[in-house]
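Please look through the sequence and the model below before reading on. The paragraphs that follow go from the inside of the protein to its overall make-up and then to single residues.

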Amino acid sequence: MVRRSKLHGILLSVICVILFSHAGAYDPLDPNGNITMKWDIMSWTADGYVAVVTMTNFQMYRHIMSPGWKLGWVWAKKEVIWSMVGAQATEQGDCSKFKGNIPHCCKRNPTVVDLLPGVPYNQQIANCCKGGVVASWGQDPSAAVSSFQISVGLSGTSNKTVKLPKNITLAAPGGGYSCSQAKIVPSSIFWSPDGRRKTQALMTWNITCTYSQLVASQHPRCCVSMSSFYNSTITPCPSCACGCQNKNTCVESAPNIQSIVTPTIDNPILQCTQHMCPIRIHWHVKTNYKEYWRVKMSIINFSYFVNYNQWTLVAQHPNLNNVTQVFSFVYKPLVPYKSMNDTGMFYGIKFFNDLITEAGPEGNVQSEIILQKDAFTFTLKEGWAFPRKIYFNGEECMMPSPDQYPHLPNSAPGNLFPVSSGAALLAICFLVFW
């Protein structure tokens, strides 16, 4: 009886772990978001094949930032990589048994990276050579693709003899990706530039990689602070919102940094703060007009030597269904479910503020948002004017406790100080003082 109860306990634990891991990989704001890798065999060779590998980021607001992606797998047989275009293996491995032509890589578990911009044209292929940086689908679908060509040997020379690679891994700054096993799918179709001829790959297989914040990090990497025009109190990020594991290595300013380790997103050098987060988002309820209200939003970088390029910010708020104007940022509604329109994505304008530089006076970007009121829902009471959730670069940020949100004064009405214009406010002041 004891053995049976222990067995039931073990089975229950395993089931819970499986369910928990799948739940962590599901994103309710982007239910169809994933990175799909497609291997298209374009031709057979004497001992293998030539394939084009295409990585497409279908995630609406999660991109791969510098220093870019790393793709790994384990060969099913004793394959080698004869050559690559648009990417390279990080290690050659032991190729001592080959005479004459030496393979590009002989490792059974190769790791491949994108080439850097500016490589010679004979080393390039379409959608390659961006240093592994891949935009999110919601920002720029044309830049959400990365490709390379690979010539594989000792692999078999037909659909029946080729074996699919196993144990595929996708590493990116911040981590968090888990990949499926390769699966044979119908061959990809290609059209000629004039659209008059159709060809197809000789064989195609897909791999799907999904993101989980639970896998990426034990702690959040961003937090949210709040303030308002009707309350002088600023609600800070929760203490140790991102964990205090870096508390002993944080610095007060850049001149105090003494490190031979290159900082990364996974191993940052942070400015000392009470929240110890690399990124803080501040939401300030700035003005209340008669028919509109205004929010100022700031993103502040507390990491030294780490810049955030092509950043994204996603906010959930019921009034995002009626955004009138956004200053300095690009805004795009996210509507994963037709019945709800309370989520929006913000990102920087290219070559203007799409880069958040390292901690310091310039390490921030700001925007203001004007939203039209809904007379039946708008209120400044009970923290309604503040976001329900905030995500930065696809990671959910730590919010303050609701009981700490800036509150209205006890005697103030829910639609405090509505003004239709500056002139109306001036007229009220004139009457009062007259």
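The structure holds 1 cavity of 30 Å³ or more. A cavity is a set of points, on a 1 Å grid over the protein atoms alone, where a 1.4 Å probe fits but cannot get out. Rolling a probe the size of a water molecule over the atoms shows where empty space is left. The volume of the largest cavity is about 240 Å³, where a volume is the space filled by probe spheres set on the points, and grid points are joined across faces, edges and corners. Its lining consists of 18 residues, a lining residue being one with an atom within 4 Å of a point. Among the 18, those nearest the centre of the largest cavity are P173, R221, I265, N393 and E395.

This is a predicted model, in which local features need pLDDT of at least 70 and side-chain atom pairs count only at pLDDT 80 or more, while totals for chains, interfaces and linings use all residues. Residues are numbered from 1 along each chain as its sequence is written, and side-chain values use heavy atoms, with hydrogens and water left out.

What is the chain built from? The protein chain has 3 helices and 28 strands; these are DSSP runs numbered from the N terminus, helices being H or I with at least four residues and strands being E with at least two. Of the 434 residues in the protein chain, 46% are buried. Buried means under 20% relative accessible area, exposed means over 50%, and partly exposed is in between, with a 1.4 Å probe and protein chains only. A contact means heavy atoms within 4.5 Å. Among contacts in the protein chain with a separation of 6 or more, 71% are between residues 24 or more positions apart.

Next come the charged pairs. A salt bridge is a side-chain nitrogen of Lys or Arg within 4 Å of a carboxyl oxygen of Asp or Glu, and by this rule the count comes to 6 salt bridges. One of them joins D27 and R62, with the closest N and O atoms 3.5 Å apart. D27 lies in the loop between α1 (2-25) and β1 (35-44) and R62 in the loop between β2 (48-57) and β3 (70-74), so the pair ties together parts that are 35 residues apart in sequence. Both D27 and R62 are buried.

Another salt bridge joins E368 and R294, whose closest N and O atoms are 2.4 Å apart. E368 is in strand β26 (residues 364-372) and R294 in strand β18 (residues 292-301), so this pair links distant parts of the chain, 74 residues apart. E368 and R294 are both buried. Together with K286, they are linked in a network of salt bridges.

D40 and K38 also form a salt bridge, with 3.8 Å between the closest N and O atoms. D40 counts as buried because its relative accessibility is 2%, whereas K38, at 28%, counts as partly exposed.

Two loop residues complete the picture. E362 lies in the loop between β25 (355-356) and β26, and it counts as exposed because its relative accessibility is 65%. E362 and N301 are 61 residues apart in sequence, yet their C-alpha atoms are 9.1 Å apart in space. S212 is in the loop between β13 (203-211) and α2 (213-216), and it is buried, with a relative accessible area of 4%. The side chain of S212 reaches the backbone nitrogen of L214 at 3.3 Å.

Conventions:
Polar contact = N/O pair within 3.5 Å; in protein donor to acceptor, adjacent residues only side chain to side chain. 1 Å grid on protein atoms, 1.4 Å probe; cavity = no way out; pocket = protein on both sides within 12 Å on 5 of 7 lines; lining within 4 Å.
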